[in-house]
Amino acid sequence: MTHEEAREFVAAYALDALAPDEVLAFEAHLTACEQCRQDLAELRNVAAELATGPSQVAPPEALRAQILSAVRPASARPAARWPWMAGLAAAAALILLLGAQDLWFQRRTVTLTHVVEQQSQLLGLLTSPSSREVGLAGAARGSVHLVFNPVTHQGVLVASGLQPLGPGRVYQVWLIAGPRPESAGVFQAGQTATTFVGIGGDFARYRAIAISVEPGPGGSPQPTTTPILTGAFPGAS
Amino acid sequence: MAGGRVQGDDDGALLRSVAQGDVRAFETLYDRYAGPVYSLARGMLQDAQAAQEVAQDVFLGIWRGASAFDVERGSPRSWILSLAHHKSVDAVRRLRRHVAVPLSETMTDDADVVSEAIRKVESARVQVALGALSAEQRAALVLAYYGGYTQREIADRTGAPLGTVKTRMRDGLLRLRSALETAGKETVP
C-alpha cells in the first residue's frame, strides 16, 4: 500500500469502516509511517466524540462485579489447562510482541486493531475458563489444536510441527456444519515456530473442523484434497 | 484534540497504574467509562445482553492491554472509546452475518438505513454537530460509525464511488471536529 492509498484509509480506519483485509494492509503501512499515525490520532479523537451519541444508560450493577472479579488476583490466570499448552502462552506473547501480526485473524475472522490487544486476546483465550478445546488428528504429523470461546465467537488454531509446504500451497481450515464445509482461512506453517491462526465463528453451529492442503495463496472455495487433520467439536454427535 | 484537560492526564495516569496491575485504578477507570462504553454498545446493538458482553470484553481488553496504550495514538479517552466502538462493530457485524435474510432485503430503502443509524443519536451536542455536515457526509459517518458498515458497503448502499465515500468520511470528520469545538466540550467523560 502506498502512502497516498493509506492516507485515504485513515478516516475509514478511525471509524472502523475497513474490511479485515484492508485493516491488515493499512496497519502494515501504519507501523512504518509517522505521518499516518499522527493523522489517525487526530481523526480517532474526533470519531471518539461520536461515542457519546447514543442515549446514556447506566450499566447493570452485576456487570461491575463480574468484570472486577475477573481481574482480581484471586481469580488470577489459571495454570495451563491442557498439557500441550504448557509454556505456550508465554511463547505466544513473545511471538506476537515480535510482530507476527500476519498470522493473526485473517480473512473472515474478526480483525483486532492493536497488536498488544491481539496478544492479550490470545492469552485471554488460552487461559479463559470458558474456552473450549478441540484436538485435531489425522495423517499429518504435528500438533494442532483449536481453542475457542463459544460466547465471544473467537478462536485460535495453534499448530506446531506441521510440515512447511512448498510455494503455491497452503493449509486451509474448514468448519463443518452442513454438507458444504465453510472456509475459515488459510495459513502457512513455519519451520520451527508455533503458528497461531485466528478463527472466528459461532462455534456452536459446527460439528467438526478439518484442515486440507489447497492451492495458494487464497485456498479453494471447497476442499479439493482429503483433509489431513480433523477434529470433532465437543457435544457434536 | 489538545484540550489540556485535567481529566485526560488523570486517565493516562490511571491507565499506567492499570498496566502495573493496579485493581483500584481499574475500578476508578471502570466507574468513569462503564456508562459511555455500555451505552455505545447498547445503542449500536439495541440489546442489553449483547451490550454487557461487549462492555465486559472492552474492560478486560483495557485490563490486559493497558500497557499498549500509547499517547501518540490519541487521548486515553479516545483509546477506550475506540476500543468500545471496535468491539461493538465486531458484534454488530457478527449479528448481521447470522441474520438469515440479507439486510439488503429487509432494508428496502437506503434512507431507512441512514435514519435508523441516526435514530441512535440522542446527545443534543452530537446531533447539532452532525447537523453541520452535508447530508452525504452525515450519511457516510453514521452508516460507518453507528451502523457498522464498511466503506465498501456504504459505497454499494449509497451508489457513490468508493473514492467519494472515502472523501466524505474524511471531510465529514474534519467538519465534525470544528462543529464540536464550536459546541464546546461535553461534561460526560
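1. Ground rules. The model is predicted, so local features need pLDDT of at least 70 and side-chain atom pairs count only at pLDDT 80 or more, while totals for chains, interfaces and linings use all residues. Residues are numbered from 1 along each chain as its sequence is written, and chains are lettered from A, with ligands numbered from 1, in the order in which they are written.

2. Chain B, overall. Chain B has 10 helices and 0 strands. Helices (H or I, at least four residues) and strands (E, at least two) are DSSP runs, numbered from the N terminus. Along the sequence the pattern reads α-α-α-α-α-α-α-α-α-α. Of the 189 residues in chain B, 45% are buried. Buried means 20 or more other C-beta atoms within 10 Å of a residue's own; exposed means 12 or fewer, and partly exposed lies in between, with C-beta atoms placed from the backbone. Take the contacts in chain B between residues at least 6 apart in sequence: 66% of them join residues at least 24 apart. Two residues are in contact if their C-beta atoms, placed from the backbone, lie within 7 Å.

3. Helix α8 of chain B. α8(B) is mostly covered, with 9 of its 11 residues buried. The buried ones are B:Gln137, B:Arg138, B:Ala139, B:Ala140, B:Leu141, B:Val142, B:Leu143, B:Ala144 and B:Tyr145.

4. The α2–α4 pair in chain B. Two packed helices are described by the angle between their axes and the distance between the axes. For α2(B) and α4(B) the angle is about 25 degrees and the axes are 9 Å apart. Axes are lines fitted to C-alpha atoms, for helices over the stretch in contact, and angles run from 0 to 180 degrees between N-to-C directions. That angle makes α2(B) roughly parallel to α4(B). The classes are: under 35 degrees roughly parallel, over 145 roughly antiparallel, 65 to 115 roughly perpendicular, and the rest oblique. The crossing of α2(B) past α4(B) is right-handed. A crossing is right-handed if the near helix is turned clockwise from the far one by less than a right angle, and left-handed if anticlockwise. From α2(B), the contact uses B:Tyr33, B:Pro36, B:Val37, B:Leu40, B:Ala41, B:Met44 and B:Leu45. α4(B) answers with B:Ile80, B:Leu81, B:Ala84, B:His85, B:Ser88, B:Ala91 and B:Val92. By class, this contact has 12 nonpolar, 2 polar and no charged residues. Nonpolar covers Ala, Val, Leu, Ile, Met, Phe, Trp, Tyr, Cys and Pro; charged covers Asp, Glu, Lys and Arg; the others, Gly among them, are polar.

5. The interface. In chain B, 63 residues are in contact with 49 residues of chain A. Six helices of chain B each supply at least two residues to this side: α2 (23-45), α3 (48-65), α4 (76-97), α8 (135-145), α9 (151-158) and α10 (162-183). α2(B) gives the most, with 12 residues. The side of chain B that touches chain A divides into 28 nonpolar, 18 polar and 17 charged residues.

6. The α1–α3 pair in chain A. The axes of α1(A) (residues 3-14) and α3(A) (residues 34-49) come within 8 Å and cross at roughly 30 degrees. That makes α1(A) roughly parallel to α3(A). Their crossing is right-handed. The contact residues divide into 9 nonpolar, no polar and 3 charged.

7. The sheet in chain A. An open sheet of 8 strands runs in the order β5-β4-β7-β8-β1-β2-β3-β6, with antiparallel pairing. Two strands pair if DSSP finds at least two bridges between them. β5 (182-187) and β6 (195-200) stand at the edges; each has a single partner strand, so one side of each lacks a neighbour in the sheet. The twist averages 25 degrees from one strand to the next. Strand β1(A) (residues 132-138) is joined to β2(A) by 5 bridges. One bridge pairs A:Leu136 with A:Val144 in β2(A).

8. Backbone points to check by eye. The peptide bond from A:Gly216 to A:Pro217 is cis, with omega near -5 degrees. A:Pro217 sits in the loop between β7 (208-215) and β8 (229-232) of chain A. A:Asp16 is not a glycine, yet has a positive phi of about 55 degrees. A:Asp16 lies in the loop between α1 and α2 (20-30) of chain A and is buried, with 24 other C-beta atoms within 10 Å.
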